[in-house]
Amino acid sequence: RAGDDSGMGTNYYASLNCDQLWYERNAIFASKGHCFKTRRGQEIFGQRSCFPPYGKLPGHLRRVVNEIKGWERRRGC
């Protein structure tokens, strides 16, 4: 489900708790090769997850991440 930009994401993300939102957001970055520096990120997504484009997101995924961040703010995560 991570990275859903079909327009259905708002209802889906609204139903998630802070841990789930964190996972969804970071799963998007992991899918694009983000190099996690935190212990939590490394434990969940691996220390060797780095690959080009190293977490750089295309526009549609940036919009999804911003949507998730908005829900994280609303939840006080």
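Me: How much accessible surface does the protein have, and what share belongs to carbon and sulfur atoms?
Reply: Accessible areas come from the Shrake-Rupley method with a 1.4 Å probe; for residues, only the protein chains shown count as cover. Here the surface is about 5000 Å², with 49% belonging to carbon and sulfur atoms. The model is predicted: local features need pLDDT of at least 70, side-chain atom pairs count only at pLDDT 80 or more, and totals for chains, interfaces and linings use all residues. Side-chain values use heavy atoms, without hydrogens and water, and residues are numbered from 1 along each chain as its sequence is written.

Me: How many helices and strands are there?
Reply: Helices (H or I, at least four residues) and strands (E, at least two) are DSSP runs, numbered from the N terminus. This protein has 4 helices and 0 strands.

Me: Is Asn26 buried or exposed?
Reply: Buried means under 20% relative accessible area, exposed over 50%, partly exposed in between (1.4 Å probe, protein chains only). Asn26 sits in helix H2. Its relative accessibility is 7%, so Asn26 is buried. Contact means heavy atoms within 4.5 Å. Leaving out residues up to four places away in sequence, Asn26 touches Phe36 and Phe45.

Me: What follows H4?
Reply: Gly76 does, with a positive phi near 75 degrees.
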